[in-house]
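Work through the following exercises with the sequence and the model at hand. Each task is followed by a worked solution.

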Amino acid sequence: MKLILAIVSNDDASAVSAALTKNNFYMTRLATTGGFLRAGNTTIIVGTEDELVDKCIAVIGEEAKRRTEIVPSTASYDVGRYASFPVEVQIGGATIFVLDIEQFKKL
């Protein structure tokens, strides 16, 4: 048995959840916050059999797409002087962890 933790953008979370449900995966969603852009993320937790891990990752990958976004950034030029300029960053996609589970019980 495996535990899959998938961290996806809030923009992709509903599509990922719907696709996992459609493919008969049971999951739990947690609201989380990323460290880099301080943007909202969703952590999806899925418990599944070993042979279904690749299928689960494929389903997540189909719905969690990477894209480019322009975000404001600031730079300090002197004490108390800042300038703002746009920076292009990659967002979306998924960060996935697969963990071994010793025991699973649904009560």
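**Exercise 1.** State what share of the 107 residues in the protein chain is buried.

Solution. Take buried as under 20% relative accessible area, exposed as over 50% and partly exposed as in between, with a 1.4 Å probe and protein chains only. By this cut-off, 27% of the 107 residues in the protein chain are buried.

Two notes apply throughout. The model is predicted, so local features need pLDDT of at least 70 and side-chain atom pairs count only at pLDDT 80 or more, while totals for chains, interfaces and linings use all residues. Residues are numbered from 1 along each chain as its sequence is written, and side-chain values use heavy atoms, with hydrogens and water left out.

**Exercise 2.** Give the order of the secondary structure elements in the protein chain.

Solution. Helices (H or I, at least four residues) and strands (E, at least two) are DSSP runs, numbered from the N terminus. The protein chain has 2 helices and 6 strands. Read from the N terminus, their order is β-α-β-β-α-β-β-β.

**Exercise 3.** Determine how many of the contacts with a separation of 6 or more, as a percentage, join residues 24 or more positions apart.

Solution. A contact means heavy atoms within 4.5 Å. Of the contacts in the protein chain with a separation of 6 or more, 63% are between residues 24 or more positions apart.
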